[in-house]
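Me: I am new to this structure and would like a close look at one residue in it. Please set that residue in the context of the whole chain.

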Amino acid sequence: MPEHRARVVIVGAGFGGLQAAKALRRVEADVIVIDRQNHHCFQPLLYQVATAALSPADVAWPIRHILRDQANTTVLMETVEGVDAVARRLRTNFGEIPYDYLVIATGAMHSYFGHDEWSEVAPGLKRIDDATRIRRSILIAFEQAEAMAGLAEKCRLLTFVIVGGGATGVEMAGAIAEIARQTLAADFRRIDPRTARIILVEAGPRLLPTFPPELSDYAHKALERAGVEIQTETRVTNCDRHGVETDGGRIEACTLVWAAGVIASPAAQWLAVEADRAGRVKVGPNLSVPGHPEIFVIGDTAMVMESGGRLVPGIAPAAKQMGNHVGRQIAARIAGRGGDAPFRYMHLGDLATIGRRAAVVKFGRLQLRGFIGWVFWSVVHIYFLIGLRNRFVVAFTWAWDYLTFQRGARLIIEPNRRPPEK
Ligand SMILES: Cc1cc2nc3c(=O)[nH]c(=O)nc-3n(C[C@H](O)[C@H](O)[C@H](O)COP(=O)(O)OP(=O)(O)OC[C@H]3O[C@@H](n4cnc5c(N)ncnc54)[C@H](O)[C@@H]3O)c2cc1C
């Protein structure tokens, strides 16, 4: 009788899942990577697609291509809908897939704090299609303002509200300000794009709450210099097609971007296990699910505590470290060498850009800001991109845009059928 070859199923080819697959590349096992998309998306640069600096293909790669040299690995484009943890089978939109080991790395999605209806008017940024949708609304707002007669409507069209003052909100606000003040400044005849209002609304007392206060303060001032209006300690109470309501008053606006909160993918419901308030599965020290040593949950879907009692943050390096750890644990178990080592997280740093020549960086004890921070940020992001072509294209595009103040991906692809409601 041929010996049973272990089957490891990894759900999600984001930062965590992809790293887990790579850690299993030399293991005597059948590895199946399942993702509902055919590409891995480099989310840290999605805002550049949303603001027309980069094209979708610059920040995404076919998963099949990334893993093409890994002979033990099969890639399936399917959507997972549930898990039968007793029978050890996954339910997908194409049927059932049995597993011996399961790694769930399905990430997180936007949270509208119980108001999912806001997603229609205030899209968040998570996937490529979110980015192209936001890009369209930003560009079309300027086009429609050029075509419209009424001053009030022009003002509404040229008001952009970003909800959430974390890294994504800060980066979006800085980039939209740059589009209005620099990229489009000379392109229109009936409107002055430089009069656009970009308003960043944050419920907490300061921007970038995970950064040291002095870097938050720097980012706040740099954004204000770039023309962004910042409203801290302001809570959004409603979003509609015409603007947002906050506890400080109403803002009429045509384009809203949601960067305020995330909730984990529904893995905890699939497994019927305990989750925290953000829906993250409470995993054990080795990242396996309590009561199921063969199931691991990693990345943004997992609630993992550091030894100091702090929560491991939902960022790409944390997901990659978890993926690597779990891949190694499974490899050790298949080889009959234990595989129960606890996960230890190493925090490398925090980075955020503010427009085309400023960034804040906290890297251990090192703190950088301004142009030097931006250079550091750029080098780090180019280094972590997948593929030589993308590194080259992104580096060249940034250098070109830096010199020319341009943004090459200013395309409205979808038809412009309907003028905005008055
Ligand atoms: C706009 C934005 C900017 C960010 N900027 C930074 C940054 O600058 N630095 C940083 O470190 N982190 C940043 N992050 C966070 C970072 O991207 C995440 O922490 C990281 O992607 C988490 O990795 P993951 O593997 O858990 O999930 P993801 O990378 O989100 O991958 C999840 C994968 O699972 C797939 N999937 C989900 N559900 C299913 C299903 N039911 N069936 C099949 N497949 C499924 C998805 O298609 C996706 O490919 C940013 C995130 C966003 C959204």
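The residue I have in mind is Thr255: which strand does Thr255 lie in, and which residues does Thr255 touch?

Reply: This is a predicted model, in which local features need pLDDT of at least 70, side-chain atom pairs count only at pLDDT 80 or more, and totals for chains, interfaces and linings use all residues. Residues are numbered from 1 along each chain as its sequence is written, and side-chain values use heavy atoms, with hydrogens and water left out.

Thr255 belongs to strand S17, which covers residues 255–258. Strands (E, at least two residues) and helices (H or I, at least four) are DSSP runs, numbered from the N terminus. With a relative accessible area of 2%, Thr255 is buried; that word means under 20% relative accessible area, with a 1.4 Å probe and protein chains only. Leaving aside residues up to four places away in sequence, Thr255 touches Ser137, Ile138, Ala141, Thr159, Phe160 and Val161. A contact means heavy atoms within 4.5 Å.

Now the whole chain. The protein chain has 11 helices and 25 strands. Its radius of gyration is 23 Å, close to the 22 Å that the globule rule gives for 422 residues, so the chain is as compact as a globular protein of that length. That radius is taken over C-alpha atoms, and the rule is 2.2 Å times the number of residues to the power 0.38. Along the principal axes, the C-alpha atoms fill a box of roughly 80 × 45 × 40 Å. Of the 422 residues, 52% count as buried. Among contacts with a separation of 6 or more, 63% are between residues 24 or more positions apart.

Terms used
Buried means under 20% relative accessible area, exposed over 50%, partly exposed in between (1.4 Å probe, protein chains only).
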